[in-house]
Amino acid sequence: VVVVVVVVVVGVSLHPCIHVASSTSLPLPSELVAFNSTEGEAMFMRAVARGFALPFWQLMTSFEKQQNQAFCSVASSVAVLNAICIPAPVDPDYSPYSYFTQNDFFTPCVNKTAPKEVVSKTGMTLAQLQNALSCFDDYINVFTTYAGESSPNTFKDNLMSDFSTPGCYVIMNFDRVNLHEEGHGHFSPIAAYSPDDDTVLVLDVARFKYPPFWAPLAEVFESMNTTDSASNRSRGWIRVHHKNANTIAGHLSL
C-alpha cells in the first residue's frame, strides 16, 4: 500500500528565496527588500541589464560577516580589498595562500590610525577608515565624501560611475535607525544600483542580524546624512578604486 501525503502550507510564500528571520536574526523592515526575494531578484536583474552591478560579482567571492559587533568597517574593508585583487598578506591560518582577513587587516600602518584593540571596542569613524584604507595606497585610491557636505544626486552619480567601471567599490557608513532597522552606526559595502527602482543593494556585513537588502537611494543618503557622535561629523561613503581601474583585467564585464 502506497500512501501519498500532500502538505499544503497556507499563508506562506513557496518561493525558496524569501528571507525569513531566524530565532536570532531580525526581519527586514517593510521599507527594505531582501536581495533573495522575488522582488529583490527582479531589482538585481534590472541593475544588471542597465550595467550598474559590476561590484557584485567580485564582492560575492569575498563577502564575509564581521567577526565581532564592532568590526563592520573591518569586514567591509576586507571584502573590498580581496575583491579588488591587490597583493594580500599570508595569514598563518591559510598559509601558503595570501588572503586579507579581519585580523591581518591591522598592519602596522593601520594600527597607527585605528589600533585593533580600540576598534574591537568602539569601531571606526569615517575618517579613521579612510586613513586605514589609505595604508594600501600603493594599489588603491581612496575618496571619502561626507553626506552632510554633499547631495543625493552626487551620491547617485558616484554609484553610476563606479558601478559601471571594473575595479571600483563603495563602502557606506550609515545610521540604521534611518533605514528603520535596529542599531545605529554601521558600515557595509554597496554592490549594485538599480536606476529603474532608484535603489541600492547593501551587502550587510552583520549577516547574523540582517540579510543583504535593497533600499531606496534617498533613504540611504539620509541614513548617511546623520551625525557620528564620535567625530561630530556626518557619516558618508568611501570610494575605493584600483589604481588601474580602467585597464584592470580579471573582472567581469556585463
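1. In this predicted model, the second largest pocket has a volume of about 160 Å³. Its lining is made up of Glu64, Gln67, Asp91, Asp93, Tyr94, Tyr99, Phe100, Thr101, Gln102 and Asn103, which by class amount to three nonpolar, four polar and three charged residues.

2. For the largest pocket the computed volume is about 480 Å³, and 25 residues line this pocket, with Cys72, Thr122, His184, Gly185 and His186 lying nearest its centre. The lining of the largest pocket comprises seven nonpolar, 13 polar and five charged residues.

3. As to where that lining comes from, α5 (116-122), β4 and β7 (227-228) each supply at least two residues to the largest pocket, and β4 gives the most, with three residues.

4. Strand β4 (residues 185-194) is also a partner of strand β3, to which six bridges join it in an antiparallel arrangement; within this pairing, Asn173 has Phe187 of β4 as its bridge partner. Six bridges likewise join β3 to strand β9 (residues 236-242), and these two strands too run antiparallel, with His241 of β9 as the bridge partner of Cys168.

5. Strand β3 (residues 168-175) is largely enclosed by the rest of the structure, because eight of its eight residues are buried, that is, under 20% relative accessible area.

Key. Residues are numbered from 1 along each chain as its sequence is written. This is a predicted model: local features need pLDDT of at least 70, side-chain atom pairs count only at pLDDT 80 or more; totals for chains, interfaces and linings use all residues. Side-chain values use heavy atoms; hydrogens and water are left out. Buried means under 20% relative accessible area, exposed over 50%, partly exposed in between (1.4 Å probe, protein chains only). Helices (H or I, at least four residues) and strands (E, at least two) are DSSP runs, numbered from the N terminus. Two strands pair if DSSP finds at least two bridges between them. On a 1 Å grid over the protein atoms alone, a cavity is a set of points where a 1.4 Å probe fits but cannot get out, and a pocket is an open set with protein on both sides within 12 Å along at least five of seven lines; lining residues have an atom within 4 Å of a point. Grid points are joined across faces, edges and corners, and a volume is the space filled by probe spheres set on the points. Ala, Val, Leu, Ile, Met, Phe, Trp, Tyr, Cys and Pro count as nonpolar, Asp, Glu, Lys and Arg as charged, and the others, Gly among them, as polar.
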